[in-house]
Amino acid sequence: MENSTILEIKDLSVSYTSSNKEIKAVRGLDLAIRQGETLGLVGETGAGKTTTALSVLRILPEVSSSIKSGEIMFEGRDILTLSRKEMREIRGRDIAMIFQDPMTSLDPVMTVGRQIEEMISLHTDCDKKELRSRAEAMLEVVGIRKDRFDDYPHQFSGGMKQRVGIAIALSCNPKLLIADEPTTALDVTIQAQVLNLMNQLKEKYRTAMILITHDLGVVAEICSSVAIMYAGQIVEYGSIEQIYGNHMHPYTEGLFDSIPDIEEEKSELKVIDGLPPDPSALPAGCSFSPRCPYATDRCGESCPDDVQVEPGHIVKCILAGKK
Amino acid sequence: MVRYIIRRILFLIPTLLLVSFFVFAIINAAPGDPAQLALGEGATAEAVEAKRIELGLDKPFLVQYLTWLKDIVFHFDFGNSYRSNISVSYQITQYFPNTLKLAGLSVLLGVLIGVPIGIIAAVKQYSVFDNIVMSFAMLGMSVPAFVLALSMILLFSIHLQWLPSSGFSTFSQMIMPVVALGMQPCAICARMTRSSMLEVIRLDYIRTVRAKGQKEFKVIVNHALKNAVLPILTTIGLQFGALIGGAFVTETIFLIPGFGRLLVTAVTNRDYPLVMGGVLCVAMVVALTNLVIDIAYAFVDPRVKAAFKSSSSSFLAHMKMKKSLKNMEQSNAR
């Protein structure tokens, strides 16, 4: 089963409803991830990255959101058709998630040790003693002394809280780990520590990982493939070499251009003009066309198809391969 | 923790001293001569003068206050009632348990019904259940207890003849007073629980628990409720305190020999020792209730406990927290 696909998302569309307007957060998204692979999901705020992740775990807010279409195949089963009970068993045991903001992601009135124990107790039949020793072991795996087991989240720094989050997520050896901007809320030195830790643990447990981020530097460090998201769609998808060496979508180009170059002496950062489109009123045709420097009249007419420019490298642009 | 509790108990002393002083001063400033009142209209001037000396009313105000206070502190002696000449402390021990029982059972009933209703209403926000139950809660808050009490007597005692309409010693006698008095705390608890739960239920850490694969029931009870419970506790404490002094009407309707009735009768009779003793007693119970709630905070929320541990700034931090909680409640109430 080495390198077999464990998660495949086909044509996923998710919408939110807000004051009777439909907000299309994810539109026809296709993604696949193989065992042990690390996929970087990159895009601006509001591009639909977190929505995609929450859909995989089926923990979108029930009242305001709905999955309009698509399949999420996990180990041959469509997650979207499972019963609540079957889904609960998958959450945590098979697919675990590390959340964006460590400050608010842990229950403030429960000791961190208990929060790790809770995860383990949900998916194994350990007795109390074993539960505690396994939870303590997880704390040590993420570099926290086990005598802090009975401390509460407010007694931890942000970086340590994120480590606790990682310990919770990894405590049942999930097959797939979804990390939603795990380092965004942390300062740079802690970022590096947390990333290294995640990388090591991923290697150790051979976990597949989806890393959601808007930081291309982080992606370069630990991902093997990259999907660039814009306005609810994947606009470019490929291996890390393909994306970093030969990106073809104008949006990807804009992202890379906006990384400041230390060698160059420039007073201003290069940015992509304009703002991401309002997801409740998307432009006709290619959603990036209003900001695209290469846009032609044809771009506003219909949504471009995926173009495979080389094996495994897909670009959603009519100009792909023609420039 | 023990040190904190002891310190909080010590804080009670100045509070109660202040209350006792104000009560004494206000009663003293009230018009009418207690000696004249005690003896009645027909008494001679000499008899009144003798009574004044007997009651110590000829002494300066502060001396009177300190004598009164000294008897309370050292002998639990609040003096004797002007009217009946029975000792006030005896009357308090006779009447107070009934009111404690009535208020306690009413609040208990309100919590047992109101909190679960509030939780379900929050989980199913905007559902039919939520709308119906919250309309009833609004109704429960606006209908005075005596209206419900009288309607119940009409229905259950007069028409159906199921329940006795007065007294407070057997279980069947307790049902109607407790329901009548418990309705408002129940409605307030339901609304407070709902709004407090709604704030917590959308937070990130609740999502984290769901992502672990936890059952929805446990997500709500073990995590959301535990985080939402502080304002609910405050509400319960306030409700209990309010009922201790405020059960008068219900007590009168059901002819319960309770503290509210004793106090109101004492006021109309200008039975000053009884009024002072009674008010001081109510103040003491309210202060103790607050203390219990404050200690309960610490057991529920480790952050409050941490604020207690750091000694110097703890009191300030605590006050700040209470203030922010209060603000939260006010915004919730709106």
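Predicted model: local features only at pLDDT ≥ 70, side-chain atom pairs only at ≥ 80, totals over all residues.
**Conventions.** Local features need pLDDT of at least 70 and side-chain atom pairs 80 or more, while totals for chains, interfaces and linings use all residues; side-chain values use heavy atoms, with hydrogens and water left out. Residues count from 1 along each chain as its sequence is written, and chains are lettered from A and ligands numbered from 1 in the order written.

**Cavities.** I looked for cavities (sets of points, on a 1 Å grid over the protein atoms alone, where a 1.4 Å probe fits but cannot get out; lining residues have an atom within 4 Å of a point). I found four of 30 Å³ or more. Volume here is the space filled by probe spheres set on the points, joined across faces, edges and corners.

The largest cavity has about 120 Å³. I listed 16 lining residues; Met97(A), Ile98(A), Phe99(A), Gly165(A) and Thr208(B) lie nearest its centre. H6(A) gives the largest share of this lining, five residues. Helices are DSSP runs (H or I, at least four residues), numbered from the N terminus.

The second largest cavity holds about 70 Å³. Its lining includes His249(A), Cys286(A) and Leu319(A).

**Helix pair.** I then checked H5 (88-123) against H6 (128-142) in chain B: the angle is about 140°, with axes 8 Å apart. Axes are lines fitted to C-alpha atoms over the stretch in contact, and angles run from 0 to 180 degrees between N-to-C directions. In contact (heavy atoms within 4.5 Å), Ile117(B), Ile120(B) and Ala121(B) of H5(B) meet Phe129(B), Asp130(B), Val133(B) and Met134(B) of H6(B).

Notes
1 Å grid on protein atoms, 1.4 Å probe; cavity = no way out; pocket = protein on both sides within 12 Å on 5 of 7 lines; lining within 4 Å. Helix = DSSP H or I, 4+ residues; strand = E, 2+ residues; numbered from the N terminus.
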